[in-house]
Amino acid sequence: MTITLDYSKALIKENDLEEIKHLALASKDLLENKNGAGAEFLGWTNLPENYDQDEFLRIKEAAKKIKDQSKALLVIGIGGSYLGAKAAISALTNNFHNESCGDDQVKIYFAGQNLSESYLIDLYNLLKDQDFSINVISKSGTTTEPALSFRIFKDLLEEKYGETAKERIFVTTDKEKGALRDLALKEGYETFVVPDDIGGRYSVLSAVGLLPMACAGIDISQMMEGAEAARLKYKNPVFEENDALIYGALRNILYKKGKDIELMVSYTPELSYFSQWWIQLFGESEGKNSQGIFPACGNFTTDLHSMGQMIQDGRRNLFETVVLVNKSAKDLTIKEDPDNLDGLNYLVGMNLSEINRKAFEGTIDAHVEGGVPNIVVEIERLDAYNFGELFYFFQKACGFSAYMLGVNPFNQPGVEKYKSNMFKLLGKPGY
């Protein structure tokens, strides 16, 4: 098993799961038989089995082309259009990928996820003297943040390369309509598809996430194999054997017990952006009708020195979900220091991964003793196969969980409010 679920320290009663089992199975029926709200956006559920094989090959070919002609790839997108790729690249490459790239590798930068002039100017100055390509990701092409970034960096490409700039622009957008689609057809950019039946936060296993991942050297075939294994696994109709369904049920149980904040915890900085992806997935899927668990994240042991006191002794309205990596790809053994001024010689001969594991065990016991429920999702190792399964596990669990809550997991009406206010203040026509 590449993913295991341990809820022995979730602080629930023996019969809690049994009592909610019927609701969980009903949510599974809504999702898998497409009978629930937002069913038109369930294309991601079968994507690992039914993805476009021709496009998949073109993604690999485009990644090779980008590597051959560029030292850097600028990925332009916001929300689900960049977080999944950023999560995978952060988890599955070197912690300092851009600084340690060899000649056969591509640096990956991101834009379009903010409106900061200092960020964009610094990035512009960084890229202007490098050979770079762009992958712009937007369903419509008119979302403010990525559209502005694309305008700026498209101009830079055209200044640097003239007519050949179009060979360095790769567009992931709607198959048939939209401003970005129209521009791509006019200019002759290579295009990839944002599927109509897949919303942004569920799109990581489409071209949205796969092209940047492939450019970073991630084995996207293995990623899809892991996701397919998850698809089969979490279709299991037996509640007690379906961990994605159980996790969704646990969240619902704890929410009804007043636990309305969920802290996604990892013990390795490689998973920091995975936590950000998870925050969008659950926050945008469930935060509706004055309901929902507020998703937050922490990177331990780092954040134990800032949030640890609040978690241990603060309000008892939160629970933790820990994503734990079983086998580290790298390790470091503690050596003896003759002077032992730091008092650490008792650790001599231990691997840092062992010490980190003990930190996890000590922390979870302390927090549970303090009344904080803990759920542990453990993956075997950080590789493409495991990560494909991890992405799919949480997507499926999120769909189950939202339907159990009674909300549509696939819309985001509240997001539009800030946009309309901003457009009015900026004087956009029609607002």
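**Stop one: asparagine 94**

Select asparagine 94: apart from neighbours within four places in sequence, it is in contact with Ser100 and Lys330, contact meaning heavy atoms within 4.5 Å. This is a predicted model, in which local features need pLDDT of at least 70, side-chain atom pairs count only at pLDDT 80 or more, and totals for chains, interfaces and linings use all residues. Residues are numbered from 1 along each chain as its sequence is written, and side-chain values use heavy atoms, with hydrogens and water left out.

Asparagine 94 sits in the loop that joins helix H4 (83–92) to helix H5 (97–100). Helices (H or I, at least four residues) and strands (E, at least two) are DSSP runs, numbered from the N terminus. Is asparagine 94 buried or partly exposed? Its relative accessible area is 34%, so asparagine 94 counts as partly exposed. Buried means under 20%, exposed over 50%, and partly exposed in between (1.4 Å probe, protein chains only).

Asparagine 94 and glutamate 270 are 176 residues apart in sequence, with 8.7 Å between their C-alpha atoms.

**Stop two: alanine 230**

Move to helix H10 (residues 220–233), where alanine 230 is found. Alanine 230 is buried because its relative accessible area is 0%. Beyond neighbours within four places in sequence, alanine 230 touches Glu389 and Tyr392 by the contact criterion.

**Stop three: aspartate 337**

Finally, select aspartate 337, in the loop between strand S9 (318–327) and helix H14 (352–369). Aspartate 337 is partly exposed, with a relative accessible area of 33%.
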